[in-house]
Amino acid sequence: MKMPFLFGIHCHQPVGNFSHVVDEAVERCYAPFMEAALLYPQFRFAVHYSGWLLDYIRQHHKGVFGSMKKLADNNQIEFFTGGYYEPVLSAIPSQDRRGQIEKLSSYINNHFGQMPDGLWLTERVWDPAIITDVTEVGVRNMIVDDYHFISAGYYKEMLNGYYISEQDGRRVNLFPIDKNLRYLIPFKEEAAIAEYLEKTADSGGKCSVIFDDGEKFGVWPHTYEWVYEDGWLERFLDVVISSGKCEFAFFGETADRVKPAGLAYLPITSYHEMGEWSLFAGRIEEMEKLQEHLREEWQDEAAEVFVKGGIWKNFFAKYPESNRIHKRALRLSTYAAEMQDEALTEALYKAQCNDALWHGIFGGLYLPNLRNNSWSFIIEAEKEYERLAGNLPMVETADLDYDGYDDAYVRMSLFNASFTSRDCGQMTTLELKRNNVNLINTISRRKEAYHAMLLKEKNEDEQKSGISTIHDLNVEITDEMKAMLVYDWYNKNSFIDHVVSEFEAEKFASCSFAELSDFTNQPAEMTAEADSLTFRRKGGIYHSGVTYNAEIIKRYSFTDEAVEFETELVTECPAELTYVCEMNFHLWDMTGITVNGEECGMCHKGGSFEITDGITGRIILETDAGSAASDIFSTVSQSEKGVDLTAQGVSLFIPVRFKGRAGFAGRLRAE
């Protein structure tokens, strides 16, 4: 009997992604792959498409959808299910796991006549706690990485088969993806791949598994030319089909006719790179050095067995912007379970899409459009909840971010807003209901481990056969990007309080000013009334080597159209200083932003400041201050195409000169 070669592709686009991006992926990847598969009846493979992408193809690329239907009718495709909108299953509540999987399974059954019993695990984030839920909705086969097993102490040669795992007596079959195949396919010549498969068969392998991103076959850099124009896919299919030692097969049929390799219990983990990415930047650098030392010392898998990164949920600790989205979705899940409303549940499911919650080699959290989409669905769900629940409290207080500090959520007819006591009463969201946009959807400029790598001198690549994987791309960083490698030491919210000797706009833009107070990123006491909030912090001002007592009181009141605010700062410091209120906003078109009709970066006179991009709407800040300076701040982040310089927000710095007491008041509205 030939060894089953289990070949699968996972295809996904973030829900609500730009149509031109999805269309390009269809034309350069999904369509030509399916067309080639139709020419090879012996090519039997597994497919997982996230539900939103599958339905987009059905609506906008009927020919491709028709090809998939033909392949299913020809018994060439084995469909895998998963969360419909591609959530990380362990990061969403139990009822949502089951609901999202059932939604995709039903869609596949309705359109292709298959009820899937295999499940694609989003980003291969494994947690045994999900076993009970997935088995309840008909799943028996799941895909993980061989790294999941290696990190549990298994040896590489033990992993050419599948294993059984269980939780509370519910069992699933776990198929480990072969990492070597992930790096061979489609990047190396077909002869090398055939040789590897035949060696696996000769060594007694029960099966060989590759299940990886479908976008590797046309979307990743240089892959379209290599896979289709240069004929790699046809040569690959020819060599496997003609092999006397392995054959394409389905996961389900393999589980039926091939005995498992044994029993396995795996730790909470994902693939190796994800464990690194979820660490703080300094820890990533330390981990890489330790792994390199171990590889030099032992020349085996010890580095991967005994040195592990973090877990996927660490991204919520690493990035407050990710955590805020996730925790809002958790709260909405409670509302959806209570209300049993289809529109609310649908918006919630979309908000649970994983892409905006993490960052590694892909843009992820650093891509404003992905965060915009998440917030759009959150705001839509909040509006539906308000419609169902009726007369809600105007001001609610709770620990919304799960950071141990109280937050406030304010509901008005035209907008909702969030405030945190953790950061001295700052506004963390301003949710415009008219177009479902969070106007404070910014992200702080943080050090990432790859920044140091980008600044290193590049060596010429050695000659290789095939093409580079996405992990090996030799990317260049421009001088403009180098100048933008600026790191913030506080969260880029709004109503941020600073005290400095003199206000210098350039230093605030580059976050190189000397802060004299402890108000910027320290907690305050919060008091909530029916239509107002008060934050109070007793702290200090540190000037000329002396610590002076200082107190700040921030008051907010709310009308249907606006937030009215008043800040009072009192200190014993005798010096003349400058209080600076920093406001940060995000609009859809960050390239077209003006302040009072002027380009950003200029000194804007007058007490009223209007920020607009001509698309999203207008943010109007009326104050008793005389001037302000603005700046567009950007991040330098890694992506699948190299390095991105991305405008993340516009900062407005409003200085008030004072001695002993500073007062700042005004009104904020959006329309």
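Pro186 sits in the loop that runs between α7 (179-184) and α8 (190-202). The peptide bond joining Ile185 to Pro186 is cis, with omega at about -5°. This is a predicted model. Most peptide bonds are trans. Ile185 also belongs to the largest nonpolar core, where it is among the residues with the most contacts.

**Overall build**

- The secondary structure of the chain amounts to 21 helices and 29 strands.
- The radius of gyration is 27 Å, close to the 26 Å that the globule rule gives for 671 residues, so the chain is as compact as a globular protein of that length.
- Along the principal axes, the C-alpha atoms fill a box of roughly 85 × 60 × 45 Å.
- Of the contacts in the chain with a separation of 6 or more, 71% are between residues 24 or more positions apart.

**Burial, surface and charge**

- Of the 671 residues, 60% count as buried.
- The chain exposes about 26300 Å², and carbon and sulfur atoms supply 48% of that area.
- There are 65 positive and 105 negative side chains.
- The centres of these two sets of charges lie 2 Å apart.

**Nonpolar cores**

- The largest nonpolar core holds 111 residues, and Phe7, Ile185 and Phe236 have the most contacts inside it.
- Helix α1 (residues 19-38) supplies the largest share of this core, with 10 residues.
- Another core, of 56 residues, lies apart from it and includes Cys424, Tyr556, Val563 and Tyr579.
- Beyond residues up to four places away in sequence, Phe7 touches a set of residues that includes Phe33, Phe43, Phe45, Phe217 and Phe248.
- Ile185 and Phe236 are also among the residues that Phe7 touches, as are Ala46 and Ile210.

**Residues with positive phi**

- Most residues other than glycine have a negative phi.
- Asp168 is not a glycine, yet its phi is positive, at about 55°.
- The position of Asp168 is in the loop between β6 (163-167) and β7 (170-177).
- Asp168 has a relative accessible area of 67% and is exposed, because the cut-off for exposed is over 50%.
- Asn436 is another residue other than glycine with a positive phi, near 55°.
- The loop between β14 (426-432) and β15 (437-438) contains Asn436.
- Asn436 has a relative accessibility of 10% and counts as buried, because buried means under 20%.

**Glu123**

- Glu123 lies in the loop between β4 (118-119) and α5 (131-136).
- With a relative accessible area of 17%, Glu123 is buried.
- Neighbours within four places in sequence aside, Glu123 is in contact with Ser270, Tyr271, Met274, Asn354 and Trp358.
- Glu86 is 37 residues from Glu123 along the chain, and their C-alpha atoms are separated by 9.2 Å.

**Leu263**

- Leu263 belongs to strand β10 (residues 262-263).
- His20 is 243 residues from Leu263 along the chain, and 45 Å separates their C-alpha atoms.

**Leu392**

- Leu392 is placed in the loop between α18 (368-389) and β11 (395-398).
- Its relative accessibility of 21% makes Leu392 count as partly exposed, because buried means under 20%.
- Not counting residues up to four places away in sequence, Leu392 touches Tyr385, Glu386 and Arg411.
- Leu392 and Leu439 are 47 residues apart in sequence, with a C-alpha to C-alpha distance of 23 Å.

**Thr478**

- Thr478 is located in the loop between α19 (449-455) and α20 (479-483).
- At 40% relative accessibility, Thr478 counts as partly exposed.
- Ser634 is 156 residues from Thr478 in sequence, and the two are 14 Å apart in space, C-alpha to C-alpha.

How values were computed:
Residues are numbered from 1 along each chain as its sequence is written. This is a predicted model: local features need pLDDT of at least 70, side-chain atom pairs count only at pLDDT 80 or more; totals for chains, interfaces and linings use all residues. Side-chain values use heavy atoms; hydrogens and water are left out. Helices (H or I, at least four residues) and strands (E, at least two) are DSSP runs, numbered from the N terminus. The radius of gyration is taken over C-alpha atoms; the globule rule is 2.2 Å times the number of residues to the power 0.38. Buried means under 20% relative accessible area, exposed over 50%, partly exposed in between (1.4 Å probe, protein chains only). Contact means heavy atoms within 4.5 Å. Accessible areas come from the Shrake-Rupley method with a 1.4 Å probe; for residues, only the protein chains shown count as cover. Lys and Arg count as positive and Asp and Glu as negative; His and the chain ends are not counted. The place of a charge is taken as NZ of Lys, CZ of Arg, CG of Asp or CD of Glu. A nonpolar core is a set of buried Ala, Val, Leu, Ile, Met, Phe, Trp, Tyr and Cys residues joined through side-chain atoms within 4.5 Å.
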